[in-house]
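Please open the model in your viewer and keep the selection tool at hand.

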Amino acid sequence: MIDYEKILSDKCKEIKPSGIRKFFDIASTMDGVISLGVGEPDFPTPWAIRKAAITTLEKGKTIYTANSGLLQLRKSISKYLKSRINTEYCPENEIVVTVGGSEAIDLGIRALVNPGDEVLVVEPSFVCYKPIIELMHGIPVIIETKIEDQFRLTADALKSKITDKTKLLILPFPNNPTGAVMKKADLEAVAEVLRGTDIMVLSDEIYSELTYDGRHVSIAQIDGMKERTLLVNGFSKAYAMTGWRMGYIAGPAPVISQILKIHQFAIMCSPTISQYAAIEAIESCDGEIVKMTNEYNIRRRWIVNAFNELGLECFEPMGAFYVFPSIKSTGMTSKQFCEDLLYKHKVAVVPGDAFGECGEGHIRVSYAYSLKHLMDAVERIREYLEEIR
C-alpha cells in the first residue's frame with residue numbers, strides 16, 4: 001500500500017484549495033440556486049470570433065503553431081497594445097501567447113522567483129498569486145489595500161514592505177474582487193518608489209477593457225517602467241472567450257526568452273483554433289467590447305445602489321465586473337454569511353477572505369449576469385437580511 005502522504009510534494013500539500021470553488025461545489029449539488037459568484041461574462045462569444053474558429057477547422061488549420069504563438073496573432077497583440085496603452089512590444093521576441101491569463105501569471109512568476117525571494121502581493125486580489133509563489137519556494141509578502149484608499153496601492157504602503165529580498169510586485173488592476181483601478185497619478189507614485197531598484201512588476205491587466213471612468217492606464221506606460229514590467233492580459237473577459245483559454249504576456253526580451261523556455265516544455269503552444277479566433281477578436285470586435293462594457297456599466301450602477309439600500313456598504317468599483325460589499329453590520333464572518341445565505345436562501349456569493357485575510361467582512365458579488373438575475377438574487381438577499389436582523 002502506497003503512503004501518498006510521504007510521496008506527495010510537501011509544498012503542494014501545504015497549499016489550500018481555492019476559497020472560490022468551495023461554494024460552487026456546494027451550490028452545484030443544490031436545486032434552485034442563484035449564483036453571483038463566477039467571474040465569467042454571460043454574453044456569448046461574438047459570432048465573428050466563432051465563425052473564424054469554424055473556418056479554421058474547415059480549412060484544417062489544426063497543427064502546432066510556433067511555441068510563442070502565431071506571428072500574425074503576436075503582431076495583432078502588438079498593434080492592440082500600441083493602440084490601447086501607447087506602448088510598443090516587438091512581436092518577435094517580447095510577446096508569448098499563453099493558455100489564458102492564468103498561465104501567463106504562472107510563467108512570469110516562475111521565470112523570476114528563486115527560493116527565498118520575496119514577492120509583494122496586493123490584496124484583496126485573485127487567488128492564484130500566492131500559491132504559485134509558494135510553489136517556487138518564494139515568500140509572499142502581503143500589502144493590504146484599504147477602502148479609505150479606494151482599494152488602491154499607495155506609495156507609502158509599497159515602501160513599507162520592500163526589503164533587500166524583494167524581487168517582484170504583483171499589481172492586479174483593475175482589481176478582482178474590489179473593482180478598484182489605479183489612475184495614472186497612482187501608478188506614477190508607485191513607479192517613483194521602484195525606480196533605482198531591481199524590483200520587477202507583474203501587472204495583471206485582464207480586466208483592462210472593463211474600465212468605467214476614463215481609459216485604462218498600464219504601469220508599462222509610465223516612464224522607465226516598461227523595462228521592469230511583465231504585462232499579462234488575455235481575451236477571456238473583454239471578448240467573452242473564457243473557454244477558449246487565450247492569454248498573453250509581454251515584457252523585456254531577456255525575460256520573455258526565459259518565459260518561452262518554460263512554455264515550450266510545459267505547454268508547447270496555445271490552442272491553434274483559439275489563436276485564429278483571437279486574431280479575429282482583435283481585428284474586428286472593438287464594437288462588441290463597447291456593447292458589453294456599456295451593459296456591465298448599467299448593472300454596476302444598479303447593484304451598487306441595491307446593496308447600499310440593503311444597508312451593506314458597497315464601494316463603487318470603477319473596473320472589472322465585481323462589487324465587494326461589506327457585511328460587517330451583520331456581525332457574521334464572511335464564510336458564515338455566505339454559507340447561511342446559500343443554505344437558507346440559495347444565493348451563492350464568495351466570502352471576501354478567499355481573496356486574502358484583509359477581505360474578511362466582505363463578500364464578492366459578480367455582476368456578469370443579466371439584470372433580472374441580479375434583481376432576483378438581491379431580493380433573496382433582502383429577505384435573508386430581514387430574517388437575521
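About 40 Å³ of space lies in the second largest cavity, a cavity being a set of points, on a 1 Å grid over the protein atoms alone, where a 1.4 Å probe fits but cannot get out. A volume here is the space filled by probe spheres set on the points, which are joined across faces, edges and corners. To see this cavity, select Tyr80, Gly234, Phe235, Tyr239, Tyr248 and Ile282, which line it, lining residues being those with an atom within 4 Å of a point. By class, the lining has 5 nonpolar residues, 1 polar and no charged ones, where Ala, Val, Leu, Ile, Met, Phe, Trp, Tyr, Cys and Pro count as nonpolar, Asp, Glu, Lys and Arg as charged, and the others, Gly among them, as polar.

This is a predicted model, in which local features need pLDDT of at least 70 and side-chain atom pairs count only at pLDDT 80 or more, while totals for chains, interfaces and linings use all residues. Residues are numbered from 1 along each chain as its sequence is written, and side-chain values use heavy atoms, with hydrogens and water left out.

The lining of the largest cavity divides into 8 nonpolar, 4 polar and 4 charged residues.

Next come the pockets, a pocket being an open set of grid points with protein on both sides within 12 Å along at least five of seven lines. The largest pocket has about 750 Å³ of space, and among its 27 lining residues Lys16, Pro17, Lys130, Asp353 and Ala354 are the closest to its centre. Helix 7 (129–135) is one of the elements that give two or more residues to this lining, and its 4 residues are the largest share; helices (H or I, at least four residues) are DSSP runs, numbered from the N terminus. By class, the lining of the largest pocket has 12 nonpolar, 4 polar and 11 charged residues.

For the second largest pocket, with a volume of about 550 Å³, select Gly39, Phe126, Asn176, Tyr207 and Lys237, which lie nearest its centre among 28 lining residues. Helix 3 and helix 6 (100–112) are the elements that give two or more residues to the lining of this pocket.

Now select helix 5 (residues 71–85) and helix 11 (residues 272–284), whose axes come within 9 Å and cross at roughly 30 degrees; axes are lines fitted to C-alpha atoms, for helices over the stretch in contact, and angles run from 0 to 180 degrees between N-to-C directions. That angle makes helix 5 roughly parallel to helix 11, a term for angles under 35 degrees. In helix 5, Gln72, Leu73, Ser76, Ile77, Lys79 and Tyr80 meet Gln275, Ala278, Ile279, Ile282 and Glu283 of helix 11, contact meaning heavy atoms within 4.5 Å.

Finally, select helix 13 (residues 334–345) and helix 14 (residues 371–388), which pack at an angle of about 110 degrees with their axes 10 Å apart. Helix 13 is therefore roughly perpendicular to helix 14, the term covering 65 to 115 degrees. Among the residues making this contact are Phe337 and Leu341 of helix 13, and Ile381 and Tyr384 of helix 14.

Key:
Angles under 35 degrees count as roughly parallel, over 145 as roughly antiparallel, 65 to 115 as roughly perpendicular and the rest as oblique.
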